[in-house]
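Please look at the sequence and the model below before reading on. The briefing that follows goes through the structure topic by topic.

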Amino acid sequence: MIIPSRSSPLLKLHQHAQQAERGSAGERWQDYDLVWCHEDGRPIDAGQDWDEWKELLRLAEVEKDARVHDARHTAATLLIEQGVDISVVQEILGHSQLTTTKRYTHITATLSTEAAARMGRALWG
């Protein structure tokens, strides 16, 4: 999987911290091969994950009561706004069908404004 270059050092730090947790847990470590887990390797409880998501939204001052899944829609739309081809967005999101990816992307004012500007350049130079 390809990730933004600025994410790599953060993930490396997390990996080192998790390796330390694994060492501290010793025989109590339960290996589920997870990136995000409890200090003993167990999966994070869905309720705890939800609470942490809501805290992140609060800290980021996001007023919308967004679901975790909504972040996938936001990511898809941001990628489209950046000019990333929809088939690349499809691959990033792991969709087998392009129609699914199309349902994830949303037309924004940025996209509409850019489309109008392009049409204007095409018609009048």
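Where is leucine 34 found? Leucine 34 sits in the loop between helix H1 (7-25) and H2. The structure is a predicted model. The chain holds six helices and zero strands, and its pattern along the sequence reads α-α-α-α-α-α.

**Overall shape and surface**

- The radius of gyration of the chain is 20 Å, whereas a compact globule of 125 residues would have one near 14 Å.
- Along the principal axes, the C-alpha atoms fill a box of roughly 70 × 30 × 30 Å.
- Buried residues make up 18% of the 125 residues of the chain.
- Among contacts with a separation of 6 or more, 20% are between residues 24 or more positions apart.
- The chain exposes about 9,900 Å², and carbon and sulfur atoms supply 56% of that area.

- Leucine 34 counts as partly exposed, because its relative accessibility is 31%, and partly exposed covers values between the 20% limit for buried and the 50% limit for exposed.
- Leaving aside residues up to four places away in sequence, leucine 34 touches Gln18, Gly41, Arg42 and Pro43.
- Leucine 34 and aspartate 70 are 36 residues apart along the chain, and their C-alpha atoms are separated by 22 Å.
- Aspartate 33 also lies in the loop between H1 and H2.
- Although aspartate 33 is not a glycine, it has a positive phi of about 60°.
- Aspartate 33 counts as exposed, at 71% relative accessibility.

**The loop between H2 and H3**

- Glutamate 61 is found in the loop between H2 and helix H3 (70-81).
- Glutamate 61 is not a glycine either, yet its phi is positive, at about 60°.
- With a relative accessible area of 68%, glutamate 61 is exposed.

**Charges and salt bridges**

- The chain carries 14 positive and 19 negative side chains.
- The centres of the positive and negative sets lie 7 Å apart.
- How many salt bridges does the count come to? The count comes to eight salt bridges.
- Lys64, Arg67 and Asp70 are linked in a network of salt bridges.

**Arginine 42 and aspartate 40**

- The side chains of arginine 42 and aspartate 40 form a salt bridge, with 2.9 Å from N to O.
- Is aspartate 40 buried or exposed? Aspartate 40 is buried, because its relative accessible area is 12% and buried means under 20%.

**Glutamate 55 and arginine 58, in helix H2**

- A salt bridge joins the side chains of glutamate 55 and arginine 58, at 2.6 Å from N to O.
- Glutamate 55 and arginine 58 are three residues apart in helix H2 (residues 46-59), so they are separated by about one helical turn.
- Glutamate 55 is partly exposed, with a relative accessible area of 34%.
- Arginine 58 is exposed, with a relative accessible area of 53%.

**Glutamate 114 and arginine 118, in helix H6**

- The side chains of glutamate 114 and arginine 118 meet in a salt bridge of 3.1 Å, N to O.
- What separates glutamate 114 and arginine 118 in helix H6? The two are four residues apart in helix H6 (residues 109-124), so about one helical turn lies between them.
- Glutamate 114 counts as partly exposed, at 35% relative accessibility.
- Arginine 118 is exposed, because its relative accessible area is 55% and exposed means over 50%.

**Serine 87, in helix H4**

- Serine 87 lies in helix H4 (residues 86-93).
- The relative accessible area of serine 87 is 39%, so this residue is partly exposed.
- Serine 87 and histidine 14 are 73 residues apart along the chain, and their C-alpha atoms are separated by 30 Å.

Key: Residues are numbered from 1 along each chain as its sequence is written. This is a predicted model: local features need pLDDT of at least 70, side-chain atom pairs count only at pLDDT 80 or more; totals for chains, interfaces and linings use all residues. Side-chain values use heavy atoms; hydrogens and water are left out. The radius of gyration is taken over C-alpha atoms; the globule rule is 2.2 Å times the number of residues to the power 0.38. Buried means under 20% relative accessible area, exposed over 50%, partly exposed in between (1.4 Å probe, protein chains only). Contact means heavy atoms within 4.5 Å. Accessible areas come from the Shrake-Rupley method with a 1.4 Å probe; for residues, only the protein chains shown count as cover. Lys and Arg count as positive and Asp and Glu as negative; His and the chain ends are not counted. The place of a charge is taken as NZ of Lys, CZ of Arg, CG of Asp or CD of Glu. A salt bridge is a side-chain nitrogen of Lys or Arg within 4 Å of a carboxyl oxygen of Asp or Glu.
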